[in-house]
Amino acid sequence: MKLILLGAPGAGKGTVAKLLTEMDGSVQISTGDILRAAVKAGTELGKKAEAAMKAGELVSDDLIMGIMGERLKEDDCKAGFLLDGFPRTIPQADALKGLLENMGIKLDAVVNLVVPREEILNRLTTRRTCVDCGAIYNVRSNPPKEEGVCDKCGGDVVQRDDETEEAISKRLDVFNEQTAPLVEYYRNEGNLLDADSTNSSNVVDVIKKELGV
Ligand code: ADP
Ligand code: ZN
């Protein structure tokens with residue numbers, strides 16, 4: 001399947017994407033994961049993105065479109081892709097539209113993951129991420145078996161730099177200003193699918209039902 005997963009930080013985009021990849025071999029493309037890997041590896045891209053990410057602000061549209069223009073051309077996307085954290089601004093959505101048209105690709109749906117703000121705050125402050133494989137844990141509801149160690153790959157499970165209270169509040173403001181308008185953008189395009197994401201498996205059920213898979 002070819003989907004965009006839209007939703008606030010902490011809405012469960014990554015979790016839903018992982019559940020879906022297990023279903024049909026579609027590849028999860030997370031701009032956040034790509035950027036974090038670049039920062040960790042100390043590449044040019046990482047150096048350009050690091051400060052904005054740490055502050056909870058967005059990386060420039062040009063940088064993101066450079067990454068995604070390349071990424072969507074890779075072979076593994078032919079089986080389907082789940083865009084997690086992209087597009088995040090109207091200019092990115094416009095650029096993506098042109099890119100997909102040029103490639104002759106049609107999206108199956110844009111899924112809007114809806115979660116109450118209070119639940120979002122609760123999730124983000126308790127979320128922990130594996131630095132090596134990106135697996136997501138929660139200290140309250142889904143801790144790794146051994147504290148700080150990834151069940152899947154043995155990597156370090158940590159709180160992200162942008163998950164301090166200050167950066168979280170900044171990321172939510174940035175989301176409301178720059179990304180939330182994409183909900184109406186895609187509703188107008190006619191392919192928006194709203195899904196209650198208080199429970200990630202509910203989102204998967206809504207998608208399966210809509211796409212008939
Ligand atoms: P979350 O969805 O939990 O906020 P992500 O892992 O998607 O986090 O992104 C982390 C950070 O990476 C963002 O706060 C932003 O700085 C940067 N980033 C990721 N995707 C984009 C994008 N499409 N456009 C601009 N910046 C991005
Ligand atoms: Zn891991």
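Guide: One term to begin with: helices (H or I, at least four residues) and strands (E, at least two) are DSSP runs, numbered from the N terminus. This is a predicted model, where local features need pLDDT of at least 70, side-chain atom pairs count only at pLDDT 80 or more, and totals for chains, interfaces and linings use all residues. Residues are numbered from 1 along each chain as its sequence is written, and side-chain values use heavy atoms, with hydrogens and water left out.
Visitor: OK. Which helix is Thr 126 found in?
Guide: Thr 126 belongs to α6, residues 117–126.
Visitor: Is Thr 126 buried or exposed?
Guide: Buried, with a relative accessible area of 5%; buried means under 20% and exposed over 50%, with partly exposed in between (1.4 Å probe, protein chains only).
Visitor: And what does Thr 126 touch?
Guide: Leaving out residues up to four places away in sequence, Thr 126 touches Tyr 137, Asn 138, Val 139 and Arg 140. Contact here is heavy atoms within 4.5 Å.
Visitor: Switching to α5, which residues are buried there?
Guide: Gln 92, Ala 93, Leu 96, Leu 99 and Leu 100. Down the axis of α5, these buried residues fall within an arc of 125°, so they line one face of the helix. The arc is that of the directions from the helix axis to the C-beta atoms.
Visitor: What's on the face of α5 turned away from its buried side?
Guide: The exposed residues Glu 101 and Asn 102 sit there.
Visitor: What covers the buried residues of α5?
Guide: The cover includes β1 (2–6), α4 (61–71), β3 (81–84) and α8 (181–189).
Visitor: How about α1, which residues are buried?
Guide: In α1 they are Lys 13, Gly 14, Val 16, Ala 17 and Leu 20. They take up an arc of only 155° around the axis, which puts them on the same side of α1. Just after α1, Gly 25 has a positive phi of about 75°.
Visitor: Now pockets. What volume does the second largest pocket have?
Guide: About 560 Å³. On a 1 Å grid over the protein atoms alone, a pocket is an open set of points where a 1.4 Å probe fits, with protein on both sides within 12 Å along at least five of seven lines; lining residues have an atom within 4 Å of a point. Grid points are joined across faces, edges and corners, and a volume is the space filled by probe spheres set on the points.
Visitor: Which element gives the most to that lining?
Guide: α2, with 6 residues.

Conventions. Chains lettered and ligands numbered in written order.
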